[in-house]
Amino acid sequence: MITREAATECVLSAKRAKGMSFEEIAVHLGVREVWLAAALLGQATLDPEDARRLGELLGLDCEVTAAIEEFRSRGSVGRDVPSDPLLYRFFQILQVFGPALRAVIQEKFGDGIMSASDLTIDIGFRRHAEGDRVVVTFDGRFLPYRRW
């Protein structure tokens with residue numbers, strides 16, 4: 001049986017060989033681009049039908065598609081400060097603005113959290129006179145803490 005990590009490499013290699021973007025594959029499967037990228041990178045699980053369709057699209061064998069159907073241990077990217085510059089900036093954003101985000105969300109909605117399991121993330125692009133902008137939108141359901 002192939003490991004999930006090896007399956008990820010097979011999927012990404014096939015994606016490159018076909019010259020397909022995450023967006024193109026997501027449209028083919030009828031899912032959102034960022035969620036698909038997370039799934040292909042091993043942080044989410046494709047259901048059997050989507051895994052089959054992905055396999056057909058990218059020419060993957062059944063051993064690879066079976067591996068990408070396995071339930072994942074999400075958030076398993078390590079606990080160290082990321083050294084990749086883009087990932088580090090997200091880490092830095094949370095370090096600097098995380099407490100402010102929590103304070104504003106709790107002020108507006110009450111004591112609770114934003115769901116990571118009922119969440120969509122979109123990546124956009126906006127031209128700007130001082131340099132093009134990356135637009136990241138997190139759209140998560142508010143989950144109030146409850147008394148029990």
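This is a predicted model: local features need pLDDT of at least 70, side-chain atom pairs count only at pLDDT 80 or more; totals for chains, interfaces and linings use all residues.
Which residues of H3 are buried? They are Leu36, Ala37, Ala39 and Leu40. Look down the axis of H3 and these buried residues fall within an arc of 160 degrees, so they line one face of the helix. The spacing makes sense, because an α-helix has 3.6 residues a turn and residues three or four places apart point the same way. As for what sits against them, the buried residues of H3 pack against helix H1 (4–18), H2 and helix H4 (48–58).

Of those neighbours, take H2. Helix H2 covers residues 22–29 and H3 covers residues 33–40; the two pack at an angle of about 100 degrees, their axes 9 Å apart. Since angles of 65 to 115 degrees count as roughly perpendicular, that is how H2 lies relative to H3. On the H2 side, the contact is made by Phe22, Glu23, Ile25, Ala26 and Leu29, while H3 brings in Glu33, Leu36, Ala37 and Leu40. By type, the contact residues split into seven nonpolar and two charged, with no polar ones.

Now on to the strands. E1 (residues 112–126) and E2 (residues 133–144) pair in the antiparallel sense over eleven bridges.

Terms used:
Residues are numbered from 1 along each chain as its sequence is written. Side-chain values use heavy atoms; hydrogens and water are left out. Axes are lines fitted to C-alpha atoms, for helices over the stretch in contact, and angles run from 0 to 180 degrees between N-to-C directions. Helices (H or I, at least four residues) and strands (E, at least two) are DSSP runs, numbered from the N terminus. Angles under 35 degrees count as roughly parallel, over 145 as roughly antiparallel, 65 to 115 as roughly perpendicular and the rest as oblique. Contact means heavy atoms within 4.5 Å. Ala, Val, Leu, Ile, Met, Phe, Trp, Tyr, Cys and Pro count as nonpolar, Asp, Glu, Lys and Arg as charged, and the others, Gly among them, as polar. Two strands pair if DSSP finds at least two bridges between them. Buried means under 20% relative accessible area, exposed over 50%, partly exposed in between (1.4 Å probe, protein chains only). The arc is that of the directions from the helix axis to the C-beta atoms.
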